[in-house]
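Please read the points below with the model open beside you. Each one takes up a separate part of the structure.

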Amino acid sequence: IRVRNPAVIEALLVGLPKFFSQQNASAVNNELGGYYLSNLPCSPGVIRQLIRHNVHRLVKSIVDVCRRGLVQRKQSLSHESLVSNDSMILALVASLTMVFRTDDLKAIVIDSQLLTVIPDILNEHRGSLSLLSSTPLSSEEEKPSVVKDLHEIARGEVSRAILRATVALTHVVSYQTWNSSESGENQAPVSEATVGCLTVLMDELKVLFPLVIDSIKNSMLDIREKTSKTQWERFYERSIKSDSSDTPMVEAKRHRHQVGRSGVTFLKENGIFTAIYPSSPQKPSSARKLSQDDSPTIAPEKLVRNRGIFFHQYLSHWIHIFVAATKAHLSRSVIVGDSTWISMIFEANGIVVKFGKDGNVVNTRSLPISDEKLPGRYRSRFLRLLFPILKRLEPSEELAKGLFHIVGSSCSTTTSGLDEDEGNVSREGVSLLRRLHAPGSSWRACINSALCAILVRTGKDCEVPRIGILCFFNGA
């Protein structure tokens, strides 16, 4: 693709998704939709090979254009060029979301360097979105421009769309790569692509964990600030209520401010697509009570999600990809062989794991219990996915102690109860320990040893693991 104009490139890509995904063809071998050669059953082998070769070249060209577009975006300053470039990137990512087979994997995933451009797209637009989110709207003193603010909001929405499309592309590519590993064909390129997909997944999860935690913190601070401001305005109105001449002026000024800025402020805080869904069923009375309560003591994770924070939905999609990784044999083997995965999952649950040079666990330590941690719904999902990984690891008494600490620290008797999904973390931890402690399990003796070691020790650092042991026997 030699064209340089982003609008022209986007127009040329309109028909590619339909060509790459033949919807009339029936899915075979666990294919996602249709294969681009599915509707050519009677064509000669030479023609099919020629089409495949040109598709491979086209995919490589699309990846090259995508990389070039990212370079141009960093050099662009005008709003029009940024929007045009981002729209082209979105069309390119959508075109790459295609169905392929094992004999296409090397050319489409490895030779095209697709797995190297995906992190570049994610880093560029995640950083752009974070920058736009941290930029305050124009204030009245700065001669506010609604059009300028709407331009910034539109750029943020396009970046969100690109991130959604890119994580969907990663999901499609990863699923098909790991599904190809089950066929037993061309294992060398499949193994290389599997490692590449898992590397992209791990790098993004490491970046997203602090972003989600910061989003909760910032949202809570914002709610407290707005509540304080509202209370001060009410107090001020009451204090000048006796002065009838000033009251209409104050109300008129505030009314003009709300009419001019409320819509822009809502779009900046919530975005265009706002998903509101509770994390667990509630009784109607409690749900009504919670919706009417504007105090900052609402569960932080629920509060953030009800305001449509993008990174929570974004993190959920990456965890979906991790679920697919734990179900495929080859990707699960790579995860088991890499101690970084175990460290990341346990650290997300408040336990730091230290490995020795031989790959065995040396010790574990618990992080200070604080509100600055991932919401319970994510930590419980990670614990739910640990069993197929741990059962293939060498049993470790230190890891068992860490699991008891996770169960005890998330139990209702030790938590403040702000996160309504915190109890799920304790329940998933108990379920994991009991499955590992089942008769015939290699972890059974190790867990018994950890039980004895915790009960024998004394001191405050043993209180939380002991609560975990009580939950293990009695249920969380």
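1. Strand 1 (residues 351–355) and strand 2 (residues 361–366) pair in the antiparallel sense, with 5 bridges between them. Within this pairing, Val352 stands opposite Arg365 of strand 2. The hairpin has 5 residues between the strands, and Gly359 takes a positive phi near 90° there. Please keep in mind that the model is a predicted one.

2. How many helices and strands does the protein chain have? There are 20 helices and 2 strands. The chain has 476 residues, of which 43% count as buried. Among the contacts with a separation of 6 or more, 76% are between residues 24 or more positions apart.

3. Helix 17 (residues 397–409) packs against helix 18 (residues 422–436) at an angle of about 150°, and their axes are 8 Å apart. Angles over 145 degrees count as roughly antiparallel, so helix 17 is roughly antiparallel to helix 18. The crossing of helix 17 with helix 18 is left-handed. Helix 17 contributes Ala400, Leu403, Phe404, Ile406 and Val407 to the contact, while helix 18 contributes Val425, Ser426, Gly429, Val430, Leu432, Leu433 and Leu436. Sorted by class, this contact of helix 17 with helix 18 has 10 nonpolar residues, 2 polar ones and no charged ones.

4. Are helix 3 and helix 5 roughly parallel or roughly antiparallel to each other? The axes of helix 3 (residues 45–75) and helix 5 (residues 102–111) cross at roughly 20° and come within 9 Å. Angles under 35 degrees count as roughly parallel, and the two helices, helix 3 and helix 5, are therefore roughly parallel. Helix 3 passes helix 5 in a right-handed crossing. On the side of helix 3 the contact is made by Arg52, His56, Val59 and Lys60, and on the side of helix 5 by Asp103, Asp104, Ala107, Ile108 and Asp111. The contact of helix 3 with helix 5 divides into 3 nonpolar, 1 polar and 5 charged residues.

5. Gln113 deserves a look at its backbone. Gln113 is not a glycine, yet it has a positive phi of about 60°. Its place is in the loop between helix 5 and helix 6 (114–134). The relative accessible area of Gln113 is 44%, so Gln113 is partly exposed.

6. Is Trp341 buried or exposed? Trp341 is part of helix 14 (residues 339–348). Its relative accessibility is 2%, and buried means under 20%, so Trp341 counts as buried. Apart from neighbours within four places in sequence, Trp341 is in contact with Leu198, Leu201, Met202, Leu205, Phe322 and Ile335. Trp341 and Ile389 are 48 residues apart along the chain, and their C-alpha atoms are separated by 9.8 Å.

7. Ser380 lies in helix 15 (residues 376–384). The relative accessibility of Ser380 is 2%, so Ser380 counts as buried. Which residues does Ser380 touch, not counting those up to four places away in sequence? They are Asn424, Val425 and Glu428.

Note on methods:
Residues are numbered from 1 along each chain as its sequence is written. This is a predicted model: local features need pLDDT of at least 70, side-chain atom pairs count only at pLDDT 80 or more; totals for chains, interfaces and linings use all residues. Side-chain values use heavy atoms; hydrogens and water are left out. Helices (H or I, at least four residues) and strands (E, at least two) are DSSP runs, numbered from the N terminus. Buried means under 20% relative accessible area, exposed over 50%, partly exposed in between (1.4 Å probe, protein chains only). Contact means heavy atoms within 4.5 Å. Axes are lines fitted to C-alpha atoms, for helices over the stretch in contact, and angles run from 0 to 180 degrees between N-to-C directions. Angles under 35 degrees count as roughly parallel, over 145 as roughly antiparallel, 65 to 115 as roughly perpendicular and the rest as oblique. A crossing is left-handed if the near helix is turned anticlockwise from the far one by less than a right angle, and right-handed if clockwise. Ala, Val, Leu, Ile, Met, Phe, Trp, Tyr, Cys and Pro count as nonpolar, Asp, Glu, Lys and Arg as charged, and the others, Gly among them, as polar. Two strands pair if DSSP finds at least two bridges between them.
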